[in-house]
Structure formats: structure tokens, C-alpha cells
Amino acid sequence: MKIMQIIFMVSITLTIATTLTMFISTPTPTPTGTPSPSTTTPFSARPKSRFLAEKQPNPRAADHCKKDDEICYILEGKNSTCCNNKCMDLSEDKHNCGACKKKCKFTSSCCKGECVNLAYDKRHCGSCGNKCMPGGYCIYGLCNYA
């Protein structure tokens with residue numbers, strides 16, 4: 001019975017302390033509507049991100065083309081087109097290979113707009129455009145490996 005009384009007293013004390021802390025720490029607005037400086041804390045509980053505090057735009061941000069292929073042609077070059085509001089090279093991009101949103105499998109790479117397996121493709125053995133000799137074969141990315 002004595003233990004129950006102690007637990008009850010501790011819980012009541014914690015409840016009162018929490019209530020008083022919440023009541024004291026809330027800023028009271030002044031007649032102008034801004035919180036008074038005496039009740040506000042100098043630091044917020046969560047710090048601001050340095051990226052949000054920057055005034056200048058991020059120089060590494062992607063150029064947005066808004067479905068305009070001419071912008072991509074000027075900025076990126078001949079093979080670039082607008083996919084998902086970004087300029088992409090459809091001949092080399094693994095996530096947009098030959099067409100927008102056409103993804104290559106994990107083991108494949110994008111060579112000239114088609115998904116190929118560099119370990120076994122005679123036209124692209126080990127890297128894009130590396131052709132094996134006529135009659136040869138490609139194994140593990142090496143021509144005529146034996």
C-alpha cells in the first residue's frame with residue numbers, strides 16, 4: 001500500500017511540473033501581435049538548414065526544360081532531350097535509355113540508346129562500342145576469353 005502512495009505522489013508531481021513548464025515557456029503576444037523578447041528563447045529547438053538560409057540559387061541544381069527539347073539541345077548537345085523536366089542524354093543514361101523512363105536492368109548498360117549486357121555482347125564487349133573480331137565471342141567483358 002505504501003508503494004502505491006509513493007507512485008501516486010510521484011506521478012502527481014510530474015504532472016504538475018510538466019503543466020507549469022508548458023505554461024511558463026509559451027510566449028505571450030504583445031499588443032502588436034509579436035511575442036515579447038523576455039519570454040522567447042534565443043535558440044529554436046530545431047536548427048535551420050544552411051541550404052534554406054542561402055539567398056543564391058544552388059549552382060548544382062538541374063536545369064528545368066519544361067518539355068522544351070530546344071533548351072536541352074543548346075545546353076547539353078545533340079543527343080539531349082527533355083525527360084521528367086530535366087535534360088537527359090538518351091544514348092547513355094541508364095534510367096532513360098533510348099526513350100524517357102526506359103530503364104535498363106541492373107546488369108545492363110545503355111549504349112547508343114539500347115540496353116546491352118557488356119559482359120556478353122559482341123558489339124559492346126566490356127565497354128560501349130568495343131567490337132570483337134568477326135567470328136569471335138565476348139565472355140566476361142573480354143573478346144575471345146579462353
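This is a predicted model: local features need pLDDT of at least 70, side-chain atom pairs count only at pLDDT 80 or more; totals for chains, interfaces and linings use all residues.
We'll visit a nonpolar surface patch, an aromatic pair and the surroundings of Ser91.

**The nonpolar patch**
- Five residues, Phe8, Met9, Ile12, Ile16 and Leu20, make up a nonpolar patch on the surface.
- Taken together, they have about 500 Å² of accessible area.
- Leu20 belongs to helix H1, which covers residues 2-25.
- Leu20 has a relative accessibility of 48%, so it counts as partly exposed, because that label covers values between 20% and 50%.

**The aromatic pair**
- Search the whole structure and you'll find one aromatic pair.
- The partners are Tyr120 and Tyr140, with ring centres 6.1 Å apart.
- Their planes sit at 55 degrees, so this pair is called tilted; edge-to-face would need over 60 degrees.
- Tyr120 is in the loop between strands S4 (114-116) and S5 (138-139), while Tyr140 is in the loop between S5 and strand S6 (142-143).
- That means the pair ties together parts that are 20 residues apart in sequence.
- As for accessibility, Tyr120 is partly exposed at 45%, and Tyr140 is exposed at 59%.

**Around Ser91**
- Look for Ser91 in the loop between strand S2 (86-89) and strand S3 (109-111).
- Its relative accessible area is 17%, so Ser91 is buried, as the cut-off is under 20%.
- The side chains of Ser91 and Asp89 are joined by a polar contact of 2.9 Å.
- Setting aside neighbours within four places in sequence, Ser91 touches Asn79, Cys110, Cys111, Lys112 and Gly113.

Notes
Residues are numbered from 1 along each chain as its sequence is written. Side-chain values use heavy atoms; hydrogens and water are left out. Patches are made of residues with over 30% relative accessible area and no salt bridge: like charges are joined within 9 Å, nonpolar side chains (Val, Leu, Ile, Met, Phe, Trp, Tyr) within 5 Å. Accessible areas come from the Shrake-Rupley method with a 1.4 Å probe; for residues, only the protein chains shown count as cover. A salt bridge is a side-chain nitrogen of Lys or Arg within 4 Å of a carboxyl oxygen of Asp or Glu. Helices (H or I, at least four residues) and strands (E, at least two) are DSSP runs, numbered from the N terminus. Buried means under 20% relative accessible area, exposed over 50%, partly exposed in between (1.4 Å probe, protein chains only). Rings of Phe, Tyr and Trp (its six-membered ring) pair if their centres lie within 6.5 Å; planes under 30 degrees apart count as stacked, over 60 as edge-to-face and the rest as tilted. A polar contact is a pair of N or O atoms within 3.5 Å; within protein, one must be able to donate a hydrogen and the other to accept it, and residues adjacent in sequence count only if both atoms are side-chain atoms. Contact means heavy atoms within 4.5 Å.
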